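Please look over the sequence and structure before reading on.

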Amino acid sequence: MATMAAQAPRASKTESYVDNKRKDDIRMANIKSARSVADAVRTSLGPKGMDKMISTASGEVIITNDGATILNKMEVLQPAAKMLVELSKSQDVVAGDGTTTVVVIAGALLKQCQQLLHSGIHPTVISDSLHKASMKAVDVLTAMAVPVELSDRESLVKSASTSLNSKVVSQYSTLLAPLAVDSVLSVVDPAKPDLVDLRDVKIVKKLGGTVDDTELVKGLVFDKKVSHAAGGPTRVENAKIAVIQFQISPPKTDIEQSIVVSDYTQMDRILKEERNYILSMIKKIKSAGCNVLLIQKSILRDAVTDLSLHYLAKAKILVIKDVERDDIEFITKTLNCLPIANIEHFRAEKLGYADMVEEASLGDGKIVKITGIKDMGRTTTVLVRGSNQLVLDEAERSLHDALCVVRCLVNKKFLIAGGGAPEIELSRQLGAWSKVLQGMESYCVRSFAEALEVVPYTLAENAGLNPITIVTELRNRHAQGEINAGINVRKGQITNILEENVVQPLLVSTSAITLATECVRMILKIDDIVTVR
């Protein structure tokens, strides 16, 4: 084509011939690389999806089928393929679940765009039509959705367990789903009922036991043991807890300096001063009535010395040292106390109160539990157990997804069927809508409708069913007006999926479609890659 055009006589001096081949090639290369990323995670979609084993450069091994985690760990170099990685990240931020779905839909849309481009439709036309179709799709989904109340705990548990069913730890979904629901509901602030900050749910991982031993703790759990080098208490009732950010150790000079001591009397004076300094601190702490100390990790000097631990033990004060700086905010919010930055500010009103602080043996280590906190802040702690590190990490990721699903329902109180039902219904309605439209738009919307069938198709394929038969049967059911007919992967046939309790939040589906369309539109509009050295 290009050679013919080059030989054709020039019409005028001003009209010059532009070679469009390179732009097509770049667009095709972008689409191809982005599709290959989508195909990589496609097999891990749905409850019967496969898991991926990721081996990092440092020799760490991760087993997961969470789309965002897989793509995050993949070293993707091609810029367009990187966009799909970012896409799954943004889905993870918005909805927390459906990270694989969003990438698979984007891959299918790109495949359809490839065919439309080959037919000679201009990228901008395709892009605008996709935008229109995605807006329409969101309307259709919203019309299908079923409203849900936060007081209806059963529905929330159903949607959380649907999210967990596609994970490695799916056999524990009966335990983890109610746990996720309870922990989110306990941190919802009645003053702001639509907002949930998942940082208020702390997940503590402890090796040993099985996932069955995972529990929800009303209070605080520290994955460290009490410092009882000097025989201090390991259990305190009616605890008055102080969170301190200063060190209980003799002061040092700020810069590297050495002090030369020439005789023993001076040496004794130094030691005496140290002792008095520490004793005066501990007396102040004791006089405020404090009997549990949480000491922040210090980088400048030791937070506590053997001497101070000895005096603290004598004063019957339980000490937990090396509390991470990032945890201070969570701890003070939970205990409803204030962090104390200087010994001069140590007052009784800054303390937190709890019924019980005790050290407990768990697995191969020990943990410290603080329970029965008075005026406890709206936070909660989940103690996750697992037989090995891989299971523990995957249980944490799955729990995070389940928490996000419940958070979605708190933000937008609508449920929608799962199992490929919404996608087929969208495909059917958009297909009907495309017949009303004129010109190129009609073609593009029809392609968008066909692309959405990839979700039920992949679900069936991953479950080892015949995808063509299943998807055809699904279309047939939906055409007869069964809006909630979906693929039941366990029975290997098509059933009413709402009755099977396979539900997901509306936000997961709508954000998946809008984000995927946005990403595809961006890839379509790129016609050249300029590398800057």
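Helix contact and overall form

Q: Which residues in helix 10 do Arg-275, Ile-278, Leu-279 and Ile-282 in helix 9 meet?
A: The model is a predicted one. On the side of helix 9, the contact is made by Arg-275, Ile-278, Leu-279 and Ile-282. Their partners in helix 10 are Leu-307, Ser-308, Tyr-311 and Leu-312.

Q: How do the residues of the contact of helix 9 with helix 10 divide into nonpolar, polar and charged?
A: Tyr and Leu both count as nonpolar, and Arg counts as charged. The contact divides into one charged, one polar and six nonpolar residues.

Q: Are helix 9 and helix 10 parallel, perpendicular or oblique to each other?
A: Helix 9 spans residues 264-287 and helix 10 spans residues 306-314. Their axes lie 10 Å apart, and the packing angle is about 40 degrees. Angles under 35 degrees count as roughly parallel, and 65 to 115 as roughly perpendicular. The two helices are therefore oblique.

Q: Is the crossing of helix 9 with helix 10 left-handed or right-handed?
A: The angle between the two helices is about 40 degrees. Where helix 9 passes helix 10, the crossing is right-handed.

Q: Is the chain compact or spread out, by its radius of gyration?
A: The chain has 17 helices and 17 strands. For 533 residues the globule rule gives 24 Å, while the radius of gyration is 30 Å, well over that value. Therefore, relative to a compact globule, the chain is more spread out.

Q: What percentage of the 533 residues of the chain count as buried?
A: Buried means under 20% relative accessible area. By that cut-off, the buried share of the 533 residues is 50%.

How values were computed
Residues numbered from 1 in each chain as written. Predicted model: local features only at pLDDT ≥ 70, side-chain atom pairs only at ≥ 80, totals over all residues. Heavy atoms only, no water. Axes fitted to C-alpha atoms, helices over the stretch in contact; angles between N-to-C directions. Helix = DSSP H or I, 4+ residues; strand = E, 2+ residues; numbered from the N terminus. Parallel < 35°, antiparallel > 145°, perpendicular 65-115°, else oblique. Left-handed = near helix turned anticlockwise from the far one by under 90°. Contact = heavy atoms within 4.5 Å. Rg over C-alpha atoms; globule rule 2.2 N^0.38 Å. Buried < 20%, exposed > 50% of the residue type's maximum accessible area, 1.4 Å probe, protein only.
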